[in-house]
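Please look over the structure shown here alongside the numbered points that follow.

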Amino acid sequence: MGERVLIALGGNAMTAPDGSASPVHQRLAVERAMKHVSALIDAGHEVVLTHGNGPQVGNLLLKNQIAASVVPPVPLDWCGAQTQATIGVLVLNSLGHRSVVVVTRTLVDAEDPAFLDPVKPIGSYFGAEEARRFEELGETWREFPGKGWRRVVASPAPLEILDAPAALTLMEAGYTVVVAGGGGVPVVRLPSGALTGVEAVVDKDATAAVLAPAVRATVLVLATDVPAAVAGFGTPDARPIGRISVADMRTLLDAGHFGSGSMGPKVEAALRFAGTGGRAVITSLENIGEALTGGVGTVVEG
């Protein structure tokens, strides 16, 4: 009997090894990734997919900036929705199974402290003059010494995946569903009760931890480019982490073993889901099948 597995695909699954996000490279990368996903489905598992969208949103933002004097730049939530659709179509064309994409909204708190101090860098680096031009349009830019200026936005915590019920209905009808790409399109609820998009980016792994119980997944796989999380990374004492309890993984996280911009968000997502009674796996795409049986990867359980 297979399991219901939510796979959160990292950016490496959507681009070339050198990070190129040209249409051809994206298509080839997605085709490679979907071979592993298809193998899981063929083995009897029910798969739900979510994914990152950093390079793709970066491309759209660059187009915004280049064409700003010709057409008005579109808001960031629009960019997120567009990339959900374009990446989703690549997945559907590559997977070869009965599948569907759900353009998904993620509810965040308008009072989240992240909005007071935007720190999530997005898009390309530019010079100071260009940054000032976009600051006049209401954007926030910060200087990164030695690299230039880059736009920064808030990264609020996900509260609810609003379209998870639609995804669940499609799953029960036999579809492999792609949902909440890029962490979901961030929206806030106005005093009137209406929803509106905001200029923010929701962390894809944090969203996956909220999405997994909403779609009744038994396993959350946080796919990355290494076979397992590593304690003491970059030191002589570095060691891959295999099966581990929530308490012991939390101890390692609190001790600073995982980078805030790399493995840290995956570990936090794994802890959040495993803390609800699920099983979280951190491993590479190539190892997902074996990881589900506990043969490889970092497996976090309560």
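1. Two residues are said to be in contact when they have heavy atoms within 4.5 Å. Leaving out residues up to four places away in sequence, Lys266 touches Lys204, Asp205, Leu222, Ala223, Thr224 and Ile282. This is a predicted model, in which local features need pLDDT of at least 70 and side-chain atom pairs count only at pLDDT 80 or more, while totals for chains, interfaces and linings use all residues. Residues are numbered from 1 along each chain as its sequence is written, and side-chain values use heavy atoms, with hydrogens and water left out.

2. Lys266 lies in helix α8, residues 263-274 (helices are DSSP runs of H or I with at least four residues, strands are E runs of at least two, and both are numbered from the N terminus). Lys266 counts as buried because its relative accessibility is 10%, buried meaning under 20% relative accessible area with a 1.4 Å probe and protein chains only.

3. The largest nonpolar core has 40 residues, and Met249, Phe258 and Val300 have the most contacts inside it. Helix α8 gives the largest share of this core, seven residues. Such a core is a set of buried Ala, Val, Leu, Ile, Met, Phe, Trp, Tyr and Cys residues joined through side-chain atoms within 4.5 Å. Beyond its neighbours within four places in sequence, Val300 has contacts that include Met249, Ala270, Leu271 and Ala274.

Notes. Buried < 20%, exposed > 50% of the residue type's maximum accessible area, 1.4 Å probe, protein only.
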